[in-house]
Amino acid sequence: MNIISRLRQLLCDIWHAFFSEARTVARDEGVALFVMLVPLFYPILYSWIYNNEVVREVPVAVVDASHSSISREFVRKYDASPDVRVAQFCNSIEEARQLVGRQEVNGIVYLPEDMSIRLNRMESTTVSVYCDMSLMLAYKAIYSAAMAVAADMGAEIQVSLSCNYTNRENEISTMPLKYEEVAMFNPTGGYGNFILPGVLMLIIQQTLLLGIGMLYGTRRERNFVVTDSTLPIMQRRGGMARIVAGRTLFFLVLYAAVASYVLLAIPKMFNFVQILHPSDFVLFVLPYLLACIFFAMTVGTFIRQREDVMLVVVFTSVMLLFMSGVSWPQSNIPPFWRAFACVFPSTFGIQGFVKLNTMGAVISDISYECRCLWIQAVVYCVLAVWLLRRSYNKMR
């Protein structure tokens with residue numbers, strides 16, 4: 001009977017902490033904004049921005065110093081590409097550079113004076129391409145279009161000089177080894193399918209950090225760590241663990257719905273690649289949400305004012321996206337930063353979700369990421385309880 005009463009008391013305390021946290025979030029407009037409205041609209045904004053996937057008709061300035069039929073043919077084919085648009089013709093590189101400086105064009109194509117002469121002598125010539133590297137998608141469009149036109153004209157020149165008699169001989173001369181290019185895991189070749197899965201996972205962690213951090217900052221500003229309604233629970237043995245369990249349960253229930261919306265509904269809404277299985281999604285998201293919640297509680301104990309957590313999120317968001325290995329190869333990241341990235345749940349969350357969502361993996365293929373997330377959840381849970389008790393004792 002004693003065990004049953006203790007279990008009933010334990011469940012009542014967790015339930016009380018659950019509803020206490022729900023009331024606190026509902027009454028705090030700032031916290032409610034970050035944990036409810038931001039996850040609702042922020043992914044839509046990101047997905048809408050990247051929904052076009054690729055850029056088209058990038059303006060380019062052409063400096064044709066050759067003024068020959070071959071150079072004009074190159075410019076005509078280059079302008080016919082769907083990726084670029086010849087917006088200006090300039091007489092010098094300096095004139096074209098001024099257009100780039102005023103952002104009227106995003107790149108320069110320079111055709112040398114001896115272009116026609118060298119080609120008629122059966123010598124190679126060089127077409128110079130200058131790109132504005134501040135816009136990577138524009139750079140890719142300008143450079144890829146120039147390479148495609150150069151390869152096409154090179155094949156035509158090769159055929160004209162080969163003195164072949166049949167079309168089959170021309171095909172062998174221009175392409176002796178036929179190949180087919182297949183884009184793995186990103187069939188559209190678009191930027192949205194490439195970067196959005198990582199961004200969506202990071203949004204979940206950062207909004208949780210914002211909401212819980214603001215709650216803890218508010219409690220510290222008002223000189224108490226737990227709400228008045230949960231103070232009696234603190235007096236019991238293991239009371240702080242019960243409070244943490246109740247708060248965790250509230251955010252877990254809330255963000256189970258948020259994660260389903262952000263990670264399942266948003267990609268379908270904007271037709272991004274999505275091939276994950278529902279059962280694998282549940283088994284993976286559960287440790288990720290727990291790790292993020294306990295991580296946010298651990299960081300929240302160091303927040304002195306509710307606005308401080310915004311600075312933390314702004315400072316770390318881009319850094320965490322890079323360190324996750326989704327926008328920069330993880331093998332090229334220095335060992336120190338690879339080790340530092342293991343501190344954050346988003347690192348393993350992004351890697352695992354990308355494998356599930358776009359690479360066709362199943363839960364057994366990402367067992368390493370799942371184990372790391374469970375380890376983080378346990379470690380941060382212990383730290384959250386210990387630091388919260390320590391802070392409460394100091395404040396008391």
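**View 1. The serine S346 is a buried residue of this predicted model.** With a relative accessibility of 0%, S346 counts as buried, because buried means under 20% relative accessible area. The place of this serine is in helix α14, and once its neighbours within four places in sequence are left aside, S346 is in contact with L202, Q205, Y288 and L320.

**View 2. Helix α2 has a kink at V38.** Helix α2 covers residues 29–49, and the kink of about 50° at V38 lies shortly before the proline P39. At the N-terminal end of α2 the reader can find D28, which caps the helix: one of its side-chain oxygens lies 3.1 Å from the backbone nitrogen of G30.

**View 3. The largest nonpolar core of the model has 74 residues.** Inside this core, the residues with the most contacts are F251 and L263. The elements that give two or more residues to the core are α1, α2, α8, α10, α11 (278–300), α12, α14 (345–358) and α15 (367–395), and the largest share, 15 residues, comes from α8. A closer look at L263, again leaving aside its neighbours within four places in sequence, shows contacts with L200, M201, I204, Q274, F281, V285 and F353. Apart from this, there is a second, separate core of 20 residues, which includes V58, V60, L119 and I142.

**View 4. Four strands form an open sheet with mixed pairing.** The strands follow one another in the order β2-β1-β3-β4, and the edge strands, each of which pairs on one side only, are β2 (84–90) and β4 (128–131). From one strand to the next, the twist averages 25°. In a regular strand, the side chains alternate between the two faces of the sheet.

**View 5. Strand β3 pairs with β1 in the parallel sense and with β4 in the antiparallel sense.** Strand β1 (residues 58–64) and strand β3 (residues 107–111) are joined over four bridges; in this pairing, A61 has I108 of β3 as its bridge partner, while the bridge partner of D64 is L111. On the β4 side, four bridges likewise join β3 to its neighbour, and V109 stands opposite V129 in β4. Strand β3 is mostly covered, as four of its five residues are buried.

**View 6. The helices α3 and α4 lie across strands of the sheet.** Helix α3 (residues 69–80) lies across β1, β2 and β3, and runs at about 140° to β2. Helix α4 (residues 93–101), for its part, lies across β1, β2, β3 and β4, and the angle at which this helix runs to β3 is about 165°.

How values were computed
Residues numbered from 1 in each chain as written. Predicted model: local features only at pLDDT ≥ 70, side-chain atom pairs only at ≥ 80, totals over all residues. Heavy atoms only, no water. Bend = angle between axes of the 7 residues up to and from the residue. Polar contact = N/O pair within 3.5 Å; in protein donor to acceptor, adjacent residues only side chain to side chain. Core = buried A, V, L, I, M, F, W, Y, C linked by side-chain atoms within 4.5 Å. Buried < 20%, exposed > 50% of the residue type's maximum accessible area, 1.4 Å probe, protein only. Contact = heavy atoms within 4.5 Å. Pairing = 2+ DSSP bridges. Axes fitted to C-alpha atoms, helices over the stretch in contact; angles between N-to-C directions.
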